[in-house]
Amino acid sequence: MTQEQWDFVNLLVIVARFVQVFGFFFAILMLIKEFPLGYTFLVFAINLVGFFVILTGILIKIFSLPEVLIADIIIIALSIAIFLKAYKVKKLKEKFPPPPKPFTRCPVCGSFIDPKGNYCVLMDSKSLLYFDIREHMESFIKNPQLYKISKEINYDGVKKVCINKEEGWIVWGQSPREVISQNP
């Protein structure tokens, strides 16, 4: 192999390593953006194992340059495929409210919320409030001070509401009439 060919091979290997480092940053970005942890760690593990397998293969001269490039392409393709699946899962989770935790109570009447039943959810900037019926949520929205004081609720205004858990969140506007007039 001539010196020019050897330099080209080294350049390609260095570029491939930078692309793989991009995979690690990809996993870190997934952590920061709160993607599901299983997918995030899978991307990280694929890149880490791939990095060491390729590095070991290069050092003990098992892999040729085309094999290294093919392995890099496979690692990148797997990482992108897992990222896209995780993105889809994250978007689907964001569309619907999580079910209430056991022993969650309606802030208006104090009854327990049935996770399998029909319930309404109100999201403010800090928390989720679950209501057993729509009328209780509407009553809370009209006069939150009445329930905040009696139940010690940290409530700072409506961000989103969910009237029907199968339909998902409705982005909140400025007026409580929007919730009351929607989905009659």
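**Ground rules.** I number residues from 1 along each chain as its sequence is written, and side-chain values use heavy atoms, with hydrogens and water left out. In this predicted model local features need pLDDT of at least 70 and side-chain atom pairs count only at pLDDT 80 or more, while totals for chains, interfaces and linings use all residues.

**Entry one: α1 and α2.** I took helices as DSSP runs (H or I, at least four residues), numbered from the N terminus. I looked up α1 (residues 3-32) and α2 (residues 37-59) and found that their axes come within 8 Å and cross at roughly 160 degrees. Axes here are lines fitted to C-alpha atoms over the stretch in contact, with angles from 0 to 180 degrees between N-to-C directions. The pair is therefore roughly antiparallel (over 145 degrees). α1 passes α2 in a left-handed crossing (the near helix is turned anticlockwise from the far one by less than a right angle). The contact (heavy atoms within 4.5 Å) includes F24 and A27 of α1 and V43, F44 and F51 of α2. I see its residues divide into 14 nonpolar, five polar and one charged. Nonpolar covers Ala, Val, Leu, Ile, Met, Phe, Trp, Tyr, Cys and Pro, charged covers Asp, Glu, Lys and Arg, and the others, Gly among them, are polar.

**Entry two: α1 and α3.** Next I checked α3 (residues 65-95), which packs on α1 at about 15 degrees with the axes 10 Å apart. These two are therefore roughly parallel (under 35 degrees). I noted a left-handed crossing here. Among the contact residues are L12, A16 and V19 of α1 and V68, D72 and I76 of α3. They divide into 15 nonpolar, two polar and two charged.

Conventions:
Parallel < 35°, antiparallel > 145°, perpendicular 65-115°, else oblique.
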